[in-house]
Structure formats: C-alpha cells, structure tokens
Protein chains: 2
Amino acid sequence: MRFSLTSQTSTDGVTEQSFTLGEITGVLFTPKGATGPRPLILMGHGGGQHKRAPGVLAGAHRFTAEGGFAVAAIDAPNHGDRPKDEQFIQFAGDMQARMAAGEDPAGLVAAMHDLLSGQAVADWQAVLTAVQELDHVGAGPVGYWGVSMGCGLGVPLLAADSRIRAAVLGLLGVHGLAAPAARVTVPVQFLLQWDDTRVPRDQALALFDALGSTDKTLHANPGDHGGIPAFETDHALRFFSRHLG
Amino acid sequence: MRFSLTSQTSTDGVTEQSFTLGEITGVLFTPKGATGPRPLILMGHGGGQHKRAPGVLAGAHRFTAEGGFAVAAIDAPNHGDRPKDEQFIQFAGDMQARMAAGEDPAGLVAAMHDLLSGQAVADWQAVLTAVQELDHVGAGPVGYWGVSMGCGLGVPLLAADSRIRAAVLGLLGVHGLAAPAARVTVPVQFLLQWDDTRVPRDQALALFDALGSTDKTLHANPGDHGGIPAFETDHALRFFSRHLG
C-alpha cells in the first residue's frame with residue numbers, strides 16, 4: 001500500500017496532514033515544526049462518525065499541542081470518506097429495522113463491530129507501521145484512544161498488536177468482547193457514562209472487569225453516551241504521558 | 001472550646017502544627033512560611049486509624065507542598081490520641097464477635113459509623129471554624145477527603161455543612177448512608193477498589209449512585225481495600241485545585 005500525504009494545514013501550533021494509505025483515509029496531527037521521534041496515539045472514532053469527529057479533533061489537538069504527541073485518526077471501514085460496501089449497507093439497514101422492532105441493541109452493535117473489526121485491525125496495523133516511518137513521528141511508544149465503536153474495534157486491535165502500550169477505552173458493553181478483552185494486558189483507562197441510555201451500566205462494568213490488564217482504571221461520570229466531561233481529556237493526557245512519556 | 005497549637009515541625013517545605021480544640025486532637029499542615037488565606041482540605045482517616053495514618057500524611061503533604069492548600073486532620077472520636085468511652089469499647093468488642101460469627105459486616109460497619117457520626121460532624125464543624133480563624137489558613141474555600149470510615153463520617157458532614165464545596169470519598173458501601181448521600185450536592189470524586197474484600201462492589205457502586213451531586217466521578221482501580229494507587233493522589237490534587245483553586 002502506498003502512503004501519501006494529500007494536504008496540510010496548521011492551527012494553534014498543531015499541523016494536520018491528511019493522508020491515504022491504499023484505501024484508508026486518515027489524518028495525522030503533529031506539533032507544528034516537529035522533527036524527530038515522539039510517542040504516537042491512534043484515535044478511533046465512534047459508530048457513524050469519522051476521523052474528524054468533534055471528540056477526536058478535540059482530543060487530538062490537546063494531545064498534540066500540550067503533550068507533544070503525534071496522533072493518527074483514520075476513518076473506520078465504511079465510514080467517513082471511505083466507500084460503503086453492499087454487505088455493510090445491507091447490515092446497517094437490517095440493524096436499524098431490528099432495533100426499531102425492539103431487539104436488544106447490544107447484540108446488534110456487537111455484530112456490527114464484528115463485521116468491521118477484521119478490516120479495522122488490519123488498517124490500524126498498516127497505518128501504525130506507515131506513520132512511524134515518517135521523520136516527525138518515528139518509532140516511539142504507541143497508545144490507543146477509542147470509545148463506543150472506537151472501543152469495540154480497539155479491543156481486538158489491542159489483543160492483536162503488542163506495539164500498543166496503553167489505551168483509553170469505554171462507552172461499550174462486554175457483548176462479544178470478553179475473549180479479546182481478556183487478552184488485553186496493557187494499562188487501560190476506561191470511561192463509563194453512568195446514565196448511558198445506549199450501553200447498560202452492568203454490561204460496561206463487565207467489560208472493564210473482563211480486561212486482562214492489572215493496571216486499569218475505571219472513570220465513571222454522570223450523563224448519557226455522548227456526555228464525557230471535558231476534564232476526562234486532562235486525565236487521558238496525563239495517562240498517556242505517564243505510560244508513553 | 002479553646003484552640004491551642006501544641007507543637008510544630010517542618011519537613012520538605014510543609015509545616016505540621018499539632019493542636020487541640022477542647023477534647024479534639026488534630027494536626028494542621030500548611031506550606032512552610034505561609035501567610036494569608038488559602039483553600040483548606042479536611043482529611044478524615046479510616047476506622048482504627050488516626051490523624052497521622054500513612055494515607056492521610058501522604059495526601060496532606062502533597063496537597064500542601066504542591067497545591068499550596070492548608071490541610072487539617074483530626075482523630076475521630078474514640079481514635080488516635082483521644083480517650084475511648086465505655087459505649088465504644090463495648091460496641092467494638094461486640095462488633096468483632098459478630099463479624100467472627102459470620103454476620104454481614106456492612107450493617108455492623110454502618111452501625112459503628114452511626115455511633116460516631118454525630119460527634120464527628122460536630123468536631124469537624126468546630127475545627128473548620130477554629131482553623132479558619134488562623135492567619136495562615138483564613139476563610140478560603142473548603143474541601144473534604146475521606147475514604148472508608150472517613151467516607152462514612154464525611155457523608156453526614158457534607159450533608160450537614162454547606163461550607164464544604166468539594167469532596168474525595170469512597171471505599172464504602174451505601175448501607176445506612178442513602179439519605180445523607182442524597183443531600184450531598186457538591187462535586188465528588190469517589191474511589192472504589194475493584195477487588196475490595198471488605199466492601200462489596202455493588203454496595204460501593206450504589207453509594208456512588210446515591211450521591212445527589214450532578215458533578216461526580218467514580219474512579220475504580222484493581223486491588224483490595226487498602227490498595228488505592230498512588231496516581232489517585234494526583235487526581236485528588238487536580239480535583240481540589242479545580243474546585244477550590
């Protein structure tokens with residue numbers, strides 16, 4: 001696969017470089033004028049979102065500007081600037097119909113993540129290899145940040161790739177993830193929204209419980225699925241600095 | 001009641017002043033050479049411990065040295081340098097026997113806290129008033145830190161005294177505390193040990209749930225009752241700085 005930087009802008013001390021790697025569309029955030037190796041954070045977005053979703057952008061800018069990290073965010077398969085295949089379109093339509101008919105969403109969400117995770121893990125592994133070949137990223141330590149679908153695709157990635165040494169995960173239940181979660185052994189900070197109407201509390205607690213890591217922290221805050229408080233970005237920055245710094 | 005400073009030492013930039021207020025024995029930590037008002041943190045120790053228990057000392061030194069706070073720690077009724085009364089001695093003996101006989105500890109622990117909390121709340125209110133009259137403490141914003149019994153006595157204090165504006169609590173279940181917890185409305189950071197052999201996980205989650213605060217955060221970490229990781233002191237320092245700074 002060919003890695004191409006396609007455009008570049010800088011805002012508030014952060015340079016954003018759009019890239020493609022084969023069919024993968026992504027964006028790389030680095031401190032403006034950065035040279036030499038630095039720790040890298042991979043950021044996975046939520047379901048139906050894309051590489052520049054507000055939650056990803058906000059975190060990426062702070063991790064880069066305040067922590068000196070490089071951050072890579074990519075569109076998940078069938079998301080953002082990537083084409084949607086027939087199987088995904090059919091599956092997503094079917095999923096909506098079954099949710100509307102009252103089927104338990106946890107199983108449907110898990111099936112959707114399962115449909116995407118093989119490709120998503122391969123994408124991240126290729127992107128990790130490619131961006132670490134850039135002079136201003138280099139072969140530093142690597143972390144992963146992803147909640148909701150970003151957690152559902154991140155857990156299999158962490159189970160598969162030992163280059164990733166710390167992760168912020170959360171906003172998802174254990175359904176379909178018990179086995180890969182048990183293979184995750186790196187430090188994890190896990191976010192849970194106490195009043196999440198999409199993810200039952202006990203299922204999210206069970207996913208935290210299932211993680212094989214001895215060093216894991218659960219942060220639970222009031223509010224619904226999308227309401228992670230801003231101070232959790234401080235915590236994530238400090239967590240990554242502690243483990244990748 | 002008469003407030004008397006009884007001794008003074010300084011270590012690593014922190015001045016410790018032992019004091020008595022009537023029958024209450026306590027210690028006040030301030031930055032060495034401090035003058036003028038500053039935020040104050042009240043620190044309550046665990047059951048069977050005292051005002052200079054390691055967890056209290058470690059937190060007090062960091063809050064003072066790194067945050068510029070004043071910290072007041074006192075012996076709970078019947079603890080530390082304070083005399084034990086007949087009722088307490090009888091109650092404690094009875095409690096041990098009933099635990100040894102297999103009775104659910106949650107109810108016994110709650111009954112013990114209930115026995116002490118009336119006096120403990122009055123003690124803290126008097127100490128808060130007295131230390132804020134000192135020039136190097138003054139009438140700044142006030143926080144409370146206490147886990148285990150420090151939480152069991154802290155929840156009624158927070159419910160009773162609106163001068164306290166933020167609290168770190170935890171390591172305790174909801175038994176006997178649902179009503180005062182619902183009256184707590186200040187920001188709370190709540191610590192839970194995931195493998196606590198003394199406090200059932202669901203009871204601790206239920207106490208977090210019962211807190212009336214809209215701004216509350218649960219931090220859960222692996223390990224038993226006494227195993228709060230050191231980085232939670234960083235989180236507590238930042239929490240108090242955010243809410244009292």
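Tutor: Keep in mind that this is a predicted model. The count comes to 20 salt bridges over all chains. Side chains of opposite charge can pair when their charged atoms come close. Let's take some pairs in turn.

Start with A:E16 and A:R52. Their closest N and O atoms are 2.2 Å apart, and they form a salt bridge. A:E16 sits in strand 2 of chain A, while A:R52 sits in the loop between strand 4 and helix 1, so this pair ties together parts that are 36 residues apart in sequence. How exposed are the two partners? A:E16 counts as buried, because its relative accessibility is 8% and the cut-off for buried is under 20%. A:R52 has a relative accessible area of 28%, so it is partly exposed.

Next comes A:D234 with A:R62. Here the closest N and O atoms of the salt bridge are 2.6 Å apart. A:D234 belongs to helix 7 (residues 231-244) and A:R62 to helix 1 of chain A, so the bridge ties together parts 172 residues apart in sequence. A:R62 is partly exposed, at 24% relative accessible area.

Now move to chain B. B:R82 forms a salt bridge with B:D123, and their closest N and O atoms are 2.8 Å apart. B:R82 is in the loop between strand 5 and helix 2, whereas B:D123 is in helix 3 (residues 105-131). The pair links distant parts of the chain, 41 residues apart. Both B:R82 and B:D123 are buried.

Last, a network. A:K51, A:D75 and A:D81 are joined into one by salt bridges that share partners.

How values were computed: Residues numbered from 1 in each chain as written. Chains lettered and ligands numbered in written order. Predicted model: local features only at pLDDT ≥ 70, side-chain atom pairs only at ≥ 80, totals over all residues. Heavy atoms only, no water. Salt bridge = Lys/Arg side-chain N within 4 Å of Asp/Glu carboxyl O. Helix = DSSP H or I, 4+ residues; strand = E, 2+ residues; numbered from the N terminus. Buried < 20%, exposed > 50% of the residue type's maximum accessible area, 1.4 Å probe, protein only.
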